[in-house]
Amino acid sequence: MKSDSNLEKVLTGGHFAFTGELGPPRGTDAKEVIEKAAHLKGMVDAVNITDNQTAVVRMSSWAASLLLIQEGLEPNFQMVCRDRNRLAMQSDILGAYAHGVRNMLCLSGDHQQFGDHPTAQGVFDIDSMQLISMVKTMRDEGKFLSGTEIEGPPKLFIGAAANPFAQPYEWRVHRLAKKINAGVDFIQTQCIYNMERFREWIKQANDMGLTEKVYILAGVTPMKSLGMARYMKAKVPGMDVPDEIIKRLQGVDKKEVAQEGIKIACEQIEEFKEMKGVAGVHLMAIEWEHKVPEIAEKAGVLPRPTI
Amino acid sequence: MIVAKRKPLEELKNQLKDYKKVLNVGCGTCVAVCLAGGEKEVAVLNAELDMARKMDNNPIEIDAVTLERQCDREYLAELDAIAKNYEAILSMACGVGVQFLAERFPEIPVFPAVDTSGLAVNQDVGWYEERCRSCESCVLGQTGGICPVTMCAKGLYNGPCGGTNQGSCEIHMDQPCAWYMIYERLEKQGRLDCIHEFIPAQDWKNQVPRTLVQPGYKKVEETEAS
């Protein structure tokens, strides 16, 4: 075991992992985090805590991670390269680990231009690939990026993202290989809607032997409405929503759209359970945490293993 | 070359509102080529300021001179005899020229007339695109001659990120994704192996004011001391 993470135990134990996500509030109310967390408790193996997602200021991801630990859940602490330089990143890693954080997701971060402070200076001192490598060095060699020694290295389970739908397609699997070489332990993918494209990508990863070196969790986000599906298709960079998904949501009664969205997600999860190279699912029920128990139940991923 | 854009008239008027006798100094090199601060732009700006101040009942006496370069002592020396005749100097050079001018005449307030925006190529008359951030650690040999520091909005060394959007950057459909272009060019050259290698964290060299002394040369004071 590289860490003391529950997620790592679930994956190394050969169980099909199921992770969730929680976006911290745009304010100081801890109750908001605690209430969202209550819906996820017992439903998922770990909960991603987003880091100023879409470049909008929110309660810091490490602070919200601590609230989750207090509630008895395991956070997956997300860190983006946009807002911190290497000093701040490493000190936050030490602090988060000292408080019980055991998983970390290394991301570039959405460009600041998307957020509520579009003219902020983006830091990008290091990129997500270099962040993976830095955390691995901290954990395995007990050294900071500078090479100096760490007293009590942070034993973290290291995650990163992958987007099989961004072009050039041929490069995506090679970038995955680069992340593996940099030291990543698990991958959570971009939300998957184009199953055909995803099947191709995972086949390439299987053929290159990559899925034996890293745990891949397939990203699933249920569509709450037709508007959401159209927005994701048209406005979110790197998102691939095929017309069939839109048509399927259009084909049901307005009141049934959300249920159809959940149905699609559950069908996907069923396929992922059987798909070679997929080690679990990362469910991003965006501002829909209260639906997670229903989705987990319908997807047949309960009860979660306790190890 | 270095490119710059003239500041809005209102801002320039505000900078100069307390001065009645001003020298506007153009620069005949980069900013002249990019149509921001050469001889012609000095004349245009002076005419605008002259008229605006008359309308404000606060007339200004503003003279014009354009030097070959403001980043070279040799040319700045041309102003030594006349600078003291002015209450303030306006410089239409890039930020480098403005500072060198201010350094030469420390007793006279010097104001910038342009905003310097970077190192750019000339795509067409009046159209310039940034290409270099002068990071002092050039990786263009590995990246197919496309700079990831300048051309990627996140300055990624191991791109593209997940936001690459059908060849465009996530910040705008009109902005090409640098890493998409890098991939395409290297693929055509059969050199994709260049980006299979992980590029480690940079040792940033542009975090302090830099001095460059070419091999075989010395700083003046060192030469004098020896």
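Student: What makes two strands a pair?
Tutor: Two strands pair if DSSP finds at least two bridges between them; strands (E, at least two residues) and helices (H or I, at least four) are DSSP runs, numbered from the N terminus. This is a predicted model, in which local features need pLDDT of at least 70, side-chain atom pairs count only at pLDDT 80 or more, and totals for chains, interfaces and linings use all residues. Residues are numbered from 1 along each chain as its sequence is written, chains are lettered from A and ligands numbered from 1 in the order in which they are written, and side-chain values use heavy atoms, with hydrogens and water left out.

Student: How do you know that β1 and β8 of chain A pair?
Tutor: Three bridges join β1 (residues 17-22) to β8 (residues 280-283) of chain A, and the definition asks for at least two, so the two strands count as paired. They run parallel, and T19(A) stands opposite H282(A) in β8(A).

Student: What do the eight strands of chain A form?
Tutor: They form a closed barrel that runs β1-β2-β3-β4-β5-β6-β7-β8, with parallel pairing.

Student: Why is the contact between D45(A) and R304(A) called a salt bridge?
Tutor: A salt bridge needs a side-chain nitrogen of Lys or Arg within 4 Å of a carboxyl oxygen of Asp or Glu. The closest N and O atoms of D45(A) and R304(A) are 2.8 Å apart, so the pair meets the definition.

Student: Why is D51(A) called buried?
Tutor: Buried means under 20% relative accessible area, exposed over 50%, and partly exposed in between (1.4 Å probe, protein chains only). D51(A) has 4% relative accessibility, so D51(A) counts as buried. R84(A), its salt-bridge partner at 2.8 Å, is also buried, with a relative accessible area of 9%.
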